[in-house]
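Work through the exercises below with the sequence and the model in view. Each task is followed by a solution in steps.

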Amino acid sequence: MISHSNRFIHLELKPEAASPYALMGSIRVMGDEGRIQDEQTYINAWLWALDVGLKRLQHESPVRVKLLWEPDALSFAHDEGVLVITYEDQVARVRDVAAFRQALREAAQHLKALRDEAERMDVAKMIHSDIFKLLDGVRQRPSMYVPGNEPLGLVHLRSLEQMLWGYSCALHHHGILEPGLDFPVKFGAYLSETRGWSTSCGPAAAIHKAAGGDPEAWALYWTLIDEFRESLARPNPLPE
């Protein structure tokens, strides 16, 4: 259970029920007098309704805001300078409306961080969990991943290199840490350290030059990938 609490709002969220679009859990809205509580609800729908209600209350009173996926609405009203929020038969009265707005902003920021994390988890599930699983797939069925006719060689290795750059960019964008992050750079550094090759034009070009031909370059690439994978299993194989 993940929780967030401030003076007016307390959230308890279930990470196993999280998705980027709906975070489930319980919410307590605590007033200076009374409180409102809802269990097993969509937290994002509650925070949205509270925000909308406060904004509309600046122009009209009372205000009713329908809660998404809930049968009842939230009601907002002013009573001699006191904010009154009602849900079902529960009532919370808040004297310091400005402080309540700030508490709502803090809760929304916390929720956004959780939603971002849920999105990263979703992306991590959708893509390969490890770069070497992807590479194993390419090795077994190259025509499914890289364009071009046989014999397999430099053109295919360059296409594969571009795909790995895209994979690394996606990991950067979503904040996912795994061996595929900056893979072409790290693989190139490994070749420079262990073979003394220049990889200024990329690992594919260096391997093709060393192999002397297309079929030989394709076979050598996978030999070197296996070596690189083994090197990563050793402590501190490359400087960060």
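**Exercise 1: Two glutamates in loops**

Glu-88 sits in the loop between strand 7 and strand 8 (90–94), where strands are DSSP runs of E with at least two residues and helices are runs of H or I with at least four, both numbered from the N terminus. The model is predicted: local features need pLDDT of at least 70, side-chain atom pairs count only at pLDDT 80 or more, and totals for chains, interfaces and linings use all residues. Residues are numbered from 1 along each chain as its sequence is written, and side-chain values use heavy atoms, with hydrogens and water left out.

Step 1. Take the cut-offs: buried is under 20% relative accessible area, exposed is over 50%, and partly exposed lies in between (1.4 Å probe, protein chains only).
Step 2. For the backbone, phi of Glu-88 is positive, near 55 degrees, though the residue is not glycine; Glu-80 has a positive phi of about 55 degrees.

**Exercise 2: A residue in a strand**

Task: find the place of Ser-26 and list its contacts beyond four places in sequence.

Step 1. Ser-26 belongs to strand 3 (residues 24–30).
Step 2. Its relative accessibility is 9%, so Ser-26 counts as buried.
Step 3. With contact taken as heavy atoms within 4.5 Å, and neighbours within four places left aside, Ser-26 touches His-10, Leu-11, Glu-12, Asp-38, Glu-39 and Ile-43.

**Exercise 3: The cavity**

Task: describe the lining of the largest cavity.

Step 1. A cavity is a set of points on a 1 Å grid over the protein atoms alone where a 1.4 Å probe fits but cannot get out; lining residues have an atom within 4 Å of a point.
Step 2. The volume is the space filled by probe spheres set on the points, which are joined across faces, edges and corners; for the largest cavity this is about 60 Å³.
Step 3. Helix 4 (154–174), helix 5 (183–195) and helix 6 (203–211) each give at least two lining residues, and helix 4 has the largest share, four residues.
Step 4. The lining includes Leu-157, Glu-161, Phe-187 and Tyr-221.

Conventions
1 Å grid on protein atoms, 1.4 Å probe; cavity = no way out; pocket = protein on both sides within 12 Å on 5 of 7 lines; lining within 4 Å.
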